[in-house]
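Before we discuss this entry together, here are some notes to read beside the coordinates.

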Amino acid sequence: MATVRRLRWVWVGRGVFGVIVAALAVYLVVVGLDKAAKVASSIGAVLALAALVAPYLLPPLQREDASMSDAERVDDTGRANATGGGRANTGLQGAGNDRPAQVTRSGDAIADGPGSVANTGIQRSRRP
């Protein structure tokens, strides 16, 4: 749905551009080259300033994908040690890839010894 909406706006923009070009051509023929050049340079300067200021005046775009509010989260974890085949997890261990996940400021995870596993990020397990 979002792709169709974006494609529609692209075509609207192309149509508006075509109308502007046609209007400028008619204006050039009616008023003459000298006056049209002066008006066009003034309009160009105003549009250039508007383009420079627009990112500061317009609200930021919102992402249309899954919201991070329903994400699996881990914040400010401590330190974890694994020895002798154990697991040390200071990140996030979840099942499946159907939800967004976020780890912020995870602590140190240290694996010491054969078969030991340390995770400080996101570790997804497969569903059976």
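1. A cavity, as the word is used here, is a set of grid points where a 1.4 Å probe fits but cannot get out. Please keep in mind throughout that this is a predicted model. By that definition the structure holds 1 cavity of 30 Å³ or more, and the largest cavity has a volume of about 30 Å³.

2. Which residues line the largest cavity? The lining consists of Arg 87, Ala 88, Asn 89, Gln 93, Val 117, Asn 119 and Gln 123. Sorted by class, this lining has 4 polar residues, 2 nonpolar ones and 1 charged one.

3. As to where the lining comes from, strand E3 (87-89) and strand E7 (117-119) each contribute at least two residues to the largest cavity. The largest share is that of E3, with 3 residues.

4. The setting for these strands is a chain whose secondary structure comes to 2 helices and 8 strands, and whose order along the sequence reads α-α-β-β-β-β-β-β-β-β. Among contacts in the chain with a separation of 6 or more, 66% are made by residues 24 or more positions apart. Of the 128 residues of the chain, 15% count as buried.

5. Is Gln 102 buried, exposed or partly exposed? Gln 102 belongs to strand E5, which covers residues 101-104, and it is partly exposed because its relative accessible area is 26%, where buried would require under 20% and exposed over 50%. Its C-alpha atom lies 8.4 Å from that of Asp 75, although 27 residues separate Gln 102 and Asp 75 in sequence.

6. Gly 107 sits in the loop between E5 and strand E6 (109-112). Despite that loop position, Gly 107 counts as buried, because its relative accessible area of 13% falls under the 20% limit. The C-alpha atoms of Gly 107 and Gly 91 are separated by 7.9 Å, while the two residues are 16 apart along the chain.

7. A last point concerns aromatic side chains. How many aromatic pairs does the structure hold? The count is 0.

Technical notes: Residues numbered from 1 in each chain as written. Predicted model: local features only at pLDDT ≥ 70, side-chain atom pairs only at ≥ 80, totals over all residues. Heavy atoms only, no water. Phe/Tyr/Trp six-rings, centres within 6.5 Å; stacked < 30°, edge-to-face > 60°. 1 Å grid on protein atoms, 1.4 Å probe; cavity = no way out; pocket = protein on both sides within 12 Å on 5 of 7 lines; lining within 4 Å. Points joined across faces, edges and corners; volume = space filled by probe spheres on them. Helix = DSSP H or I, 4+ residues; strand = E, 2+ residues; numbered from the N terminus. Nonpolar A, V, L, I, M, F, W, Y, C, P; charged D, E, K, R; others polar. Buried < 20%, exposed > 50% of the residue type's maximum accessible area, 1.4 Å probe, protein only. Contact = heavy atoms within 4.5 Å.
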